[in-house]
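The following report covers helices, annotated positions and ligand surroundings for the model shown here.

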Amino acid sequence: MSNLVAVLPGDGIGEEIIEQAVRVLSALKLDLQLEKADVGGRAYDVYGHPLPEHTLALAKKAKAVLFGAVGDWKYDTLPREFRPEQAILGLRKNLGLFANLRPAILYPQLANASTLKPEIVSGLDILIVRELTGDVYFGTPRGNRRVEEGPFKGEQEGFDTMRYAETEVRRIAHIAFQAAQKRQKKLCSVDKANVLETSQFWRHIMLEVAQEYPDVTLTHMYIDNAAMQLVRAPKAFDVIVTGNLFGDILSDEASMLTGSIGMLPSASLNASQQGLYEPSHGSAPDIAGKNLANPLATILSAAMMLRFSFQNEEAALRIEKAVAQVLEQGYRTPDIYEEGTTKVSTSEMGDAVIATLI
Ligand SMILES: NC(=O)C1=CN([C@@H]2O[C@H](COP(=O)(O)OP(=O)(O)OC[C@H]3O[C@@H](n4cnc5c(N)ncnc54)[C@H](O)[C@@H]3O)[C@@H](O)[C@H]2O)C=CC1
Ligand SMILES: CC(C)CC(=O)C(=O)O
Ligand SMILES: [Mg+2]
């Protein structure tokens, strides 16, 4: 359905942050049909599965999915297929959402909220393009087995398989090169090619695809160095392209450059402009239910939804400008609070954004 949005709040702070994003969308009075469903731990509690069939069916028929977060410590001992995290992994895989865009932008008003010195982060605007449906997160075989030989013979071991097929690397490479073309034309591919076959293969394909984008400067960096450079000189990056595991880690690291993980939105896209939009953080059980969470990453994810799935650049910009405006007005949830600003709750931050929409 062309205007259907599946709204999946999930667990922990999911409900609180999604509520604010939905309020902002409603205030814009757009022609969207929002339909809510359970996902994650709360779906497991009710239906015995973290991604029930009706939730998956709703996500599949929707133009876009607005997702909160899933997970809670109380589900950590469940067999893996029933853990809440399988819901987001299942949605990504079932909807073919291979391209995860995670922009890390420092709003000038938050230069002091970052744990890094203002001169290191001010003006920061980088884009992490993370491959989302391959790599060690989905590779098979995986599991537990008895070690058959070597010094640990007879013991149990756990194992996963890191794997990337050519098509998977090629299509994310194109997304990243095209994103770089629209920006500073610098693409850094992050891998571990000095150790891993998967990474050597990734690098080889990146170099091949680069031939089609002579206007973009491609560089390569090992993940360990990239993790270090990201806090040493983050502004040296423009677009980073990397695999699922490395991208997961680097994007949490990049969030601290922007002041808080509560500021980092994301879009996960497939080949037919269907997308899932979620904050880059998790369900934050430590602050759930307390009206403390920063809803801005989710509100900014809703803006990305309007831009990428509904081609409504104007409405996306209205949200983004309102977010900049509330920060300018000094409103801060606890994660980005500093002396001299006004501490607000999750819902008060939603109120402030709505009041500022023009
Ligand atoms: N896409 C998803 O649904 C994801 C789910 N998870 C799940 O979330 C659960 C918690 O995982 P953690 O490793 O603790 O990561 P997390 O991202 O949920 O929290 C890490 C830290 O950041 C803080 N934080 C996160 N979002 C915030 C926000 N909007 N405002 C203010 N502070 C915020 C939390 O309070 C916590 O101190 C786990 O079950 C994990 O598997 C983790 C990452 C992604
Ligand atoms: C919870 C995981 C499945 C993923 C994750 O941490 C992420 O996508 O950022
Ligand atoms: Mg993560």
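Helix α7 (residues 197–210) has 14 residues, which at 1.5 Å a residue should span 20 Å, and its end C-alpha atoms are 20 Å apart, in agreement. The expected span is 1.5 Å times one less than the number of residues in the helix. Helices (H or I, at least four residues) and strands (E, at least two) are DSSP runs numbered from the N terminus. The model is predicted: local features need pLDDT of at least 70, side-chain atom pairs count only at pLDDT 80 or more, and totals for chains, interfaces and linings use all residues. Residues are numbered from 1 along each chain as its sequence is written, and chains are lettered from A and ligands numbered from 1 in the order in which they are written.

The buried residues of α7 are T198, S199, W202, M206 and V209. They cover an arc of only 90 degrees around the axis, so they lie on the same side of α7; the arc is that of the directions from the helix axis to the C-beta atoms. A residue is called buried if 20 or more other C-beta atoms lie within 10 Å of its own, exposed if 12 or fewer, and partly exposed in between, with C-beta atoms placed from the backbone. On the face of α7 turned away from its buried side are the exposed residues E197 and H204. The packing partners of the buried residues of α7 are α6 (166–181), β8 (186–191) and β9 (217–222).

E166 is found in helix α6. Its C-alpha atom is separated by 8.2 Å from that of F201, 35 residues apart along the chain.

For helix α1 (residues 14–27), the 14 residues should also span 20 Å at 1.5 Å a residue, and the end C-alpha atoms are 20 Å apart, which agrees. Buried in α1 are G14, E16, I17, I18, Q20, A21, V22, V24 and L25. These buried residues pack against elements including β1 (4–10), β3 (64–69) and α11 (313–328). Just after α1, K29 takes a positive phi of about 50 degrees.

## Annotated positions

The unreviewed UniProt entry annotates residues 4–353 as "domain: Isopropylmalate dehydrogenase-like". Over residues 4–353 the chain is 38% helix and 19% strand, with the end C-alpha atoms 23 Å apart.

The "binding site" annotation in the unreviewed UniProt entry covers R92, R102, R130 and D224. They span 133 residues in sequence and the farthest two C-alpha atoms are 26.5 Å apart, so they do not all gather at one spot. UniProt positions are given in the numbering used here, feature names are shortened, and annotations may be inferred rather than shown by experiment.

R92 lies in helix α4, and D224 in helix α8 (residues 223–232). Leaving out residues up to four places away in sequence, R92 touches L97, L132, T133 and S268; contact means C-beta atoms, placed from the backbone, within 7 Å.

| Residue | Other C-beta atoms within 10 Å | Class |
|---|---|---|
| R92 | 20 C-beta atoms | buried |
| D224 | 13 C-beta atoms | partly exposed |

## Ligand surroundings

Around ligand 2 are E85, I88, L89, D248, S280 and G282. A residue counts as near a molecule or strand if its C-beta atom, placed from the backbone, lies within 6 Å of it. Helix α4 (residues 85–94) gives the largest share of this shell, 3 residues.

Of the 22 residues around ligand 1, G71, G262, H281, G282 and N294 come nearest.

Definitions and conventions. Contact = placed C-beta atoms within 7 Å.
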